[in-house]
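Subject: Structure handover

Hello,

Here is the structure I said I would pass on. Please open it beside this email, as the notes refer to residues by number.

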Amino acid sequence: MNINTRISFVKKISIFSEVDANTLKEIAEKMERISVDANEKIFSKGDSFDGLFFIIDGEVKVHDGEYIFTKLSNTEFFGEYSVLDSEKRSASVTATKKTNLFKINHKILSLLLTKPEINQGILKVLVNRLRDNNELQEKLSQQNKEIKKKNKAIEAHQKELKALNATKDKFFTILAHDLRSPFNTIIGLSELLSSNYSDLPESKIKYFADQINNYSKNVFHLLRNLLEWARSQAGMLTLNLEKKDLFEIVEENLKLYEIDAKNKSITLTSKVKKNTKVICDKNTITFVIRNLLSNALKFTPKNGKVSLFTEIKDKNIVLYISDSGIGLSKEEQEKLFQLDKDQASIGISNIENIDISKEKGTGIGLVIVKEFVEKNKGKIEVDSEPGKGSTFSLTLPIA
């Protein structure tokens, strides 16, 4: 490249746009021409500063490891930051393809910087690049914040999915056990009844029929709970929170269990007053009360008591469902609203000596109860002691 071509090239470089003809010629004469191949490093981060580079043709990337700050091509330059504040390169520069460059070494550049017009030109470019760099850093900072936010959301979703999968696994483990156990009993009892009907006394036939009826109800109750749980998990459950009379909901449920209570000689009473207004979704709260009543009757022996009453606490109505049943240990209370395979029903070894009141529950119904109560912006608690019964308290916002 002859001197005139070099001068023409220097004129195109922004930092030399206001330089006089003599200085342009001086720069053109003192520039060193070099060539680099694709993927060849021109200098690395941390290298000592020894010059300013101008691209004749080709392309380079300014980078730190795999991260690319920018790419530069024809008539652009790099290495200018070291002029101001450091003798070390702050980033690496690598050719992305075969590239031809001019280089002004440190000694010559120091002499050129004594000229005000060159000093001013470099300073102007540095200010612009610093501004661009600040804007880039701000964008990168914002992107990093967004990425961190998204990562946290992904982590939260992963934890939620993990918890849901664990719940699902426990749920089906319990379900498999609790459906199999009563069905085995029903089949065993019905086979005994069928094959020995003519030889059995009427009292025994009545006993088998009652047990088949009891276990059939249990299976139906379990399947009904399963259906509600499935609807809830599938997002098909729509809540309509509105003002409702708790008295009416309680009375509807009491009528459903009058016969069950009578069959076990259990005294079933309610002191819930009319116009006990709460904010709730009637369908889900009906499910909650129905489950709590069913459990109270199931785990209360013959001639026991189940009672319902309310009180006002702060801005809430608390409905208590109390029984004189078998009660719960502290360990059982801690697991009561969790889906745990250890809560599965006990096995039946002698189907002719079954006492339905001694059978443990799955906890599936109470898991759904807790979920539904929380969806109604309420809470469910239990106070119990083995042999002294249980009291479940359902708290709902007062209307």
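This is a predicted model: local features need pLDDT of at least 70, side-chain atom pairs count only at pLDDT 80 or more; totals for chains, interfaces and linings use all residues.

The chain as a whole

The protein chain holds eleven helices and 15 strands. It has 399 residues, and 41% of them count as buried. Its accessible surface is about 23100 Å², with 50% of that belonging to carbon and sulfur atoms. Taking the contacts between residues at least 6 apart in sequence, 76% join residues at least 24 apart.

In soluble globular proteins, nonpolar side chains tend to be buried together. The largest nonpolar core in this chain has 39 residues, and the members that touch the most others are Val250, Ile289, Leu293, Leu308, Leu319, Ile321 and Leu394. Several elements give two or more residues to this core: the helices are H7 (246-256), H9 (282-298) and H11 (364-375), and the strands are S11, S12, S13, S14 (379-384) and S15 (390-397). The most comes from H9, which gives eight residues.

Leaving out residues up to four places away in sequence, Val250 touches Ser270, Val272, Ile289, Leu308 and Leu319. Another core lies apart from the largest one; it has 21 residues, including Phe16, Leu52, Phe54 and Ile56.

Two residues have a positive phi without being glycine. One of them is Asn275, with phi near 65 degrees. Asn275 is in the loop that runs between strand S10 (267-270) and strand S11 (277-280). Its relative accessibility is 57%, so Asn275 counts as exposed, the cut-off being over 50%.

The other is Asp314, where phi is about 55 degrees. Asp314 sits in the loop between strand S12 (305-313) and strand S13 (316-323). Asp314 is exposed too, because its relative accessible area is 77%.

The loop in question lies between helix H8 (258-263) and S10. A polar atom of the Lys264 side chain is 3.3 Å from the backbone oxygen of Lys298.

Regards

Note on methods
Residues are numbered from 1 along each chain as its sequence is written. Side-chain values use heavy atoms; hydrogens and water are left out. Helices (H or I, at least four residues) and strands (E, at least two) are DSSP runs, numbered from the N terminus. Buried means under 20% relative accessible area, exposed over 50%, partly exposed in between (1.4 Å probe, protein chains only). A nonpolar core is a set of buried Ala, Val, Leu, Ile, Met, Phe, Trp, Tyr and Cys residues joined through side-chain atoms within 4.5 Å. Contact means heavy atoms within 4.5 Å. A polar contact is a pair of N or O atoms within 3.5 Å; within protein, one must be able to donate a hydrogen and the other to accept it, and residues adjacent in sequence count only if both atoms are side-chain atoms. Accessible areas come from the Shrake-Rupley method with a 1.4 Å probe; for residues, only the protein chains shown count as cover.
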